[in-house]
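Please read it alongside the sequence and the model.

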Amino acid sequence: AIAVESVFKVFGRRPNEAVKRLRTGASRDEVRPFGTAAVIDASFDVRRGEIFVVMGLSGSGKSTLIRMLNGLNESTAGSIRVFGTEVVGLGAAELRAVRRDRMSMVFQHFALLPHRSVLDNVAYGLELQGVALPERTATARRWLDRVGLSKWESSLPGELSGGMQQRVGLARAFAADTDILLMDEAFSALDPLIRREMQELLIELQQELGKTIVFITHDLNEAMFLGDRIAVMRDGRIVQVGTPNDILTDPANDYVAQFVQDVD
Ligand code: ADP
Ligand code: MG
């Protein structure tokens, strides 16, 4: 579904100079004078219908990586193809269309529209796609029902708990019916019990609808629970890609071995 090839992202004044040096083996610290190397030479494929987890400590480059997939961050170098279409180098209007029609995103802090009803929030992606009001309302109602929030359709997001707001975020993303869902620490702000409920709901929906999901987390147990495959990031680099079992039983290096020691 997604093919990422040798992608770099450097924030700063001389990104291309930094990439040149990183390509010849310089470290993140060595290129610091030219900028912050958030993502260094990332290559991986996301397969259709899988949950692909990107796991790593805070600052390892996960958000930057996922935001390059839908053009919220422009990559400094490399290639990203989504169902065969190159996204790197697309213009703003084309990227908006990719985000509208191809990839929905779910954020840690929900990013709901505060002055619109829960129902309108769920319908929002469909509105952007130009779906007519009666149809998008019907679809949004169906999704609200699916996530157990029918009673709340006229409420404002702020009247709901965090867990409920994230159900709205999930309903919005699924209602838009894009092939790919990008989720950046989507459950990280939730209490453990609610969080587990959301993880189970996500797996259920994914199995039912066959979505391709890229899910970011810094939480090892969440990664192990959700991931069909996991990419482990460290300091901007992907250090291993494998199934949860691969990562547990055959860690690529001491860093990964150390990381997975704490699995429940
Ligand atoms: P993670 O999501 O894994 O916590 P990020 O992708 O947010 O990591 O950040 C990776 C690195 O890039 C960090 O050092 C961060 O400070 C830096 N960074 C992220 N976004 C920007 C930005 N817009 N400008 C400058 N530096 C950034
Ligand atoms: Mg992040």
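Is the crossing of H4 and H6 left-handed or right-handed? In this predicted model, helices H4 and H6 cross in the right-handed sense.

Two packed helices are described by the angle between their axes and the distance between the axes.

| Helix pair | Axis distance | Crossing angle |
|---|---|---|
| H4 (residues 118-128) and H6 | within 7 Å | roughly 30° |
| H4 and H5 (residues 133-146) | 9 Å | about 125° |
| H5 and H6 | within 9 Å | roughly 135° |

Angles under 35 degrees count as roughly parallel, and H4 and H6, crossing at roughly 30°, are therefore roughly parallel to each other. On the H4 side, the contact is made by Val118, Asn121, Val122, Ala123, Tyr124, Gly125 and Leu126. Helix H6 contributes Val168, Ala171, Arg172 and Ala175 to this contact.

The axes of H4 and H5 pack at an angle of about 125°, and the two helices are therefore oblique to each other. Their crossing is right-handed. Here H4 supplies Val118, Leu119, Val122, Ala123, Leu126 and Glu127, while the partners in H5 are Arg136, Thr137, Thr139, Ala140, Arg141, Trp143 and Leu144.

For H5 and H6, the axes cross at roughly 135°. That angle makes H5 oblique to H6. Helix H5 passes H6 in a right-handed crossing. The residues that meet are Thr139, Ala140, Trp143, Leu144 and Arg146 in H5 and Ala171, Phe174 and Ala175 in H6.

Helix H6 is mostly covered, with 11 of its 14 residues buried. The buried residues are Gln165, Gln166, Arg167, Val168, Gly169, Leu170, Ala171, Arg172, Ala173, Phe174 and Ala175. Their cover includes strand E6 (103-107), helices H4 and H5, strand E7 and helix H7.

Gly169 has its place in helix H6. A residue counts as buried if 20 or more other C-beta atoms lie within 10 Å of its own; Gly169 has 26 such atoms within 10 Å and is therefore buried. Not counting residues up to four places away in sequence, Gly169 touches Val106, Phe110 and Leu112. Gly169 and Phe110 are 59 residues apart along the chain, yet their C-alpha atoms are separated by 5.8 Å.

After H6 comes Asp177, which has a positive phi near 55°.

## Helix H7

Helix H7 (residues 192-209) has 18 residues and reaches 26 Å from its first C-alpha to its last, close to the 26 Å expected at 1.5 Å a residue. Which residues of H7 are buried? They are Met198, Leu202, Leu205 and Gln206. Seen down the axis of H7, these buried residues fall within an arc of 100°, so they line one face of the helix. The face turned away from this buried side carries exposed residues, namely Pro192, Leu193, Glu200, Glu204, Gln207 and Glu208.

Gly210 follows H7 and has a positive phi, near 65°.

## Positive phi in two loops

Glu185 is not a glycine, but has a positive phi of about 50°. Glu185 is found in the loop between strand E7 (180-184) and H7. With 20 other C-beta atoms within 10 Å, Glu185 is buried.

Asp235, also a residue other than glycine, has a positive phi near 50°. The loop that holds Asp235 runs between strand E9 (229-234) and strand E10 (237-242). Is Asp235 buried or partly exposed? Asp235 is partly exposed, because 17 other C-beta atoms lie within 10 Å.

Conventions
Residues are numbered from 1 along each chain as its sequence is written. Chains are lettered from A and ligands numbered from 1 in the order in which they are written. This is a predicted model: local features need pLDDT of at least 70, side-chain atom pairs count only at pLDDT 80 or more; totals for chains, interfaces and linings use all residues. Helices (H or I, at least four residues) and strands (E, at least two) are DSSP runs, numbered from the N terminus. The expected span of a helix is 1.5 Å times one less than its number of residues. A residue is buried if 20 or more other C-beta atoms lie within 10 Å of its own, exposed if 12 or fewer, and partly exposed in between; C-beta atoms are placed from the backbone. The arc is that of the directions from the helix axis to the C-beta atoms. Axes are lines fitted to C-alpha atoms, for helices over the stretch in contact, and angles run from 0 to 180 degrees between N-to-C directions. Angles under 35 degrees count as roughly parallel, over 145 as roughly antiparallel, 65 to 115 as roughly perpendicular and the rest as oblique. A crossing is left-handed if the near helix is turned anticlockwise from the far one by less than a right angle, and right-handed if clockwise. Two residues are in contact if their C-beta atoms, placed from the backbone, lie within 7 Å.
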